[in-house]
Amino acid sequence: MESKYSPLILALVFLILFFVFIIKNENANNPSQKTNKVSVSQTFHLASHKGWSNDLQTIVWNQEKNYYDIYFLHSVDGATDPFGPNGQDWTHTTTKDFITYSKQETAIPAKGGDPKEGWHSAWTGSVVTDSQGISGIQNEEPVAYFTGLMDDGSQAIYASASNDKGASFTNSLKDGKPLLTKEQSYNGKDFRDPYVFHFKDKLLMYVAEGNALGVYQSQDGINWTKADSKGDSKILPETFFKGRNWQDNAPIECPVLKTMTTTDGQDKQVLFFGAKDTASGETTGTYYTVGHLDGNGLFIADTGTKRLDQGSDYYGANFTGSNRIEESNHNLISLGWVGNWNYFTSGIHSDQEAKSDFLKTIGFYATPRQLQLDKDGIIQSAPLYKNEQLTLKNQNGNISSQRPLTSDNRKPWIDKSHNQNANGLLDLAEKNSAGYYQLHFSNIKKEGGYIYIDIWQGSDYVKIAYQITSGTYQVSAYAAELNNSMDGSQTASSYYYDGLLGNGQGYKADSHYKETDNITITLITDNRSLEIFFPNGQTYTLARFNTSGRQDVKVFSTQKDLLLNLKIYDVHS
């Protein structure tokens with residue numbers, strides 16, 4: 001039988017199929033930075049699987065199931081529109097080791113409650129695991145108190161109980177109507193981030209109200225009144241921001257109150273919250289003040305306010321610990337959102353040419369930390385990872401200016417990139433961007449000088465300049481992926497690059513580490529974050545945006561006789 005297709009048509013079809021095959025294989029072997037999603041995510045830190053995420057809500061130890069329940073804010077509209085039409089929800093995940101996490105599922109939907117008075121977006125709040133005394137709760141299921149946006153955009157407080165041991169909160173209390181509304185707010189507008197806990201024979205709620213914290217009490221968890229019936233029942237900046245200037249730093253956000261036992265056996269209340277201190281050169285971050293409660297449950301400061309993490313990108317932190325303020329915690333586990341509203345929602349590219357589509361999946365969190373309160377009221381943070389979660393991959397204890405360690409076996413050299421001569425100690429190229437670095441410096445002379453640590457990823461960098469005798473340090477950074485924002489400007493890129501010092505100088509901080517004979521600086525790096533840990537428990541967290549999965553690590557010092565002992569670990573479950 002004769003074919004009905006001419007040889008010319010058959011040849012044309014063959015050529016088309018051939019070219020499609022070639023193109024597909026080329027794309028498979030050379031994925032563009034637009035679509036190479038594997039390198040975008042974190043390696044051993046919690047990160048959003050899809051869409052945008054920010055504030056941690058609560059970290060709860062689930063005794064029955066032997067894991068931690070973790071909740072965070074999430075938006076399906078993504079990083080380019082986190083407050084988009086679909087609203088924000090609470091997302092739930094679980095972990096036993098803070099390295100591997102379960103599937104992320106919705107815990108509180110973005111929209112719910114009463115048809116007329118319900119919420120259209122679910123914002124920050126807290127979970128009360130000990131629901132004793134809360135009206136209508138059976139089997140002591142946990143209850144979530146959270147901010148909801150009403151139909152007119154105003155902020156109100158809602159509550160929902162769980163029917164599945166904390167996996168979700170679907171049982172709306174008070175028929176899904178608000179428990180409290182913005183009419184009680186200090187500034188008449190801000191009324192969010194409720195933190196609820198047991199105090200004596202009742203429940204207390206701390207609410208962020210712009211320039212103050214409102215404090216409310218309840219006998220049944222449903223009906224709330226002022227905790228101080230004879231006063232305003234507000235905690236003002238002179239208390240929660242003690243020793244600092246609150247002007248131009250509003251709003252206060254994300255309050256959390258815990259009782260901690262100091263290292264010398266005293267029980268203290270610690271108020272954590274989100275804010276900024278522009279006058280001190282500090283962008284948004286998590287702060288804390290140590291004090292006690294008065295008879296009505298209002299916080300009274302005993303110490304000046306301090307920053308929990310000195311970095312530019314550690315916000316919306318939350319903690320483990322008891323819901324009962326009378327029960328003290330010798331230590332807490334904390335997670336923080338690695339982010340900053342000044343550049344995270346302006347559009348982030350996946351390429352250094354800043355020409356790719358803007359990433360929509362953005363949301364990642366810091367290393368889990370164990371917090372202790374020392375006798376001077378200072379919180380010390382340490383990475384939570386256990387020895388069995390760290391595998392030593394590289395160790396070299398003989399590094400000096402005369403015996404530098406480099407990928408190219410370089411001879412001793414002088415670096416001039418920090419505007420002064422510095423002796424080269426370390427230059428390791430193309431290392432995995434996820435790692436745990438311990439840098440122990442010894443044989444330090446009292447003459448002072450600097451230790452410089454540079455982390456490069458293509459044209460992106462993070463530079464740390466540590467002043468040896470004073471313990472102060474400066475962190476500067478650049479991220480090409482922040483160029484060409486959604487509005488076409490360089491505003492986001494400039495904020496990340498300039499910091500509050502300006503001209504690309506970034507930020508200055510004080511580690512308060514005064515030991516001059518030796519120092520161990522720990523760096524924990526992942527695709528999207530870099531964290532610095534000092535020996536006295538002070539920390540600095542910074543976001544980064546390169547998607548290559550590789551980094552170059554460089555160390556220099558102005559002290560010629562300095563010795564470096566380097567250990568590099570892999571982190572794993």
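# Close-up views of a predicted protein chain

**View 1. Strand β37 and its two antiparallel partners.** Strand β28 (residues 435-442) pairs with β37 in the antiparallel sense over seven bridges. In this pairing, Tyr436 stands opposite Tyr569 of β37. Strand β24 (residues 390-399) is also paired with β37 (residues 563-571), in the antiparallel sense and over seven bridges. Here Leu392 is the residue that stands opposite Tyr569 in β37. Two strands count as paired if DSSP finds at least two bridges between them. Helices (H or I, at least four residues) and strands (E, at least two) are DSSP runs, numbered from the N terminus. The model is a predicted one, in which local features need pLDDT of at least 70, side-chain atom pairs count only at pLDDT 80 or more, and totals for chains, interfaces and linings use all residues. Residues are numbered from 1 along each chain as its sequence is written, and side-chain values use heavy atoms, with hydrogens and water left out.

View 2. The domain assignment divides the protein chain into domain 1 (59-235), domain 2 (248-384) and domain 3 (388-471 + 511-571). These bounds come from an automatic or database domain assignment. The centres of domain 1 and domain 3, taken over C-alpha atoms, are separated by 42 Å. The UniProt record, an unreviewed entry, places the feature "domain: Glycosyl hydrolase family 32 N-terminal" at residues 45-376. UniProt positions are given in the numbering used here, feature names are shortened, and annotations may be inferred rather than shown by experiment. Over residues 45-376 the chain is 41% strand and 1% helix, and 31 Å lie between the end C-alpha atoms.

**View 3. The open sheet β20-β21-β22-β23.** Four strands form an open sheet in the order β20-β21-β22-β23, with antiparallel pairing. β20 (315-319) and β23 (379-383) stand at the edges with a single partner strand each, so one side of each is left without a neighbour in the sheet. Neighbouring strands of this sheet are turned by 35 degrees against each other on average, direction ignored. For such angles, axes are lines fitted to C-alpha atoms, for helices over the stretch in contact, and angles run from 0 to 180 degrees between N-to-C directions. Strands β21 (residues 332-337) and β22 (residues 369-373) pair in the antiparallel sense over three bridges. Leu371 in β22 is the bridge partner of Leu332.

**View 4. Gly148 in strand β6.** Gly148 lies in strand β6 (residues 143-149). Gly148 is buried, at a relative accessible area of 0%. Buried means under 20% relative accessible area, exposed over 50%, and partly exposed in between (1.4 Å probe, protein chains only). With neighbours within four places in sequence left aside, Gly148 is in contact with Trp119, Ser121, Ser154, Gln155, Ala156 and Tyr158. Contact means heavy atoms within 4.5 Å. Between Gly148 and Asp130 there are 18 residues in sequence and 22 Å in space, C-alpha to C-alpha.

View 5. Ala492, Ser493 and Tyr496 are buried in helix α3 (residues 491-498). They cover an arc of only 100 degrees around the axis, which puts them on the same side of α3. The arc is that of the directions from the helix axis to the C-beta atoms. The cover over the buried residues of α3 includes β31 (472-478) and β35 (539-543). After α3 comes Gly499, with a positive phi near 60 degrees. Strand β31 also holds Ser476, a buried residue with a relative accessible area of 13%. Beyond its neighbours within four places in sequence, Ser476 is in contact with Tyr461, Val462, Lys463, Gly504, Gln505 and Gly506.

View 6. Most residues other than glycine have a negative phi, and most peptide bonds are trans. The peptide bond from Ala250 to Pro251 is cis, with omega near 10 degrees. Pro251 is placed in the loop between α2 (237-240) and β15 (253-261). Lys174, in the loop between β8 (171-172) and β9 (180-181), has a positive phi near 55 degrees. Lys174 is partly exposed, with a relative accessible area of 37%. Ser233 is not a glycine but has a positive phi of about 60 degrees. Ser233 sits in the loop between β13 (225-226) and β14 (234-235) and is buried, with a relative accessible area of 2%.
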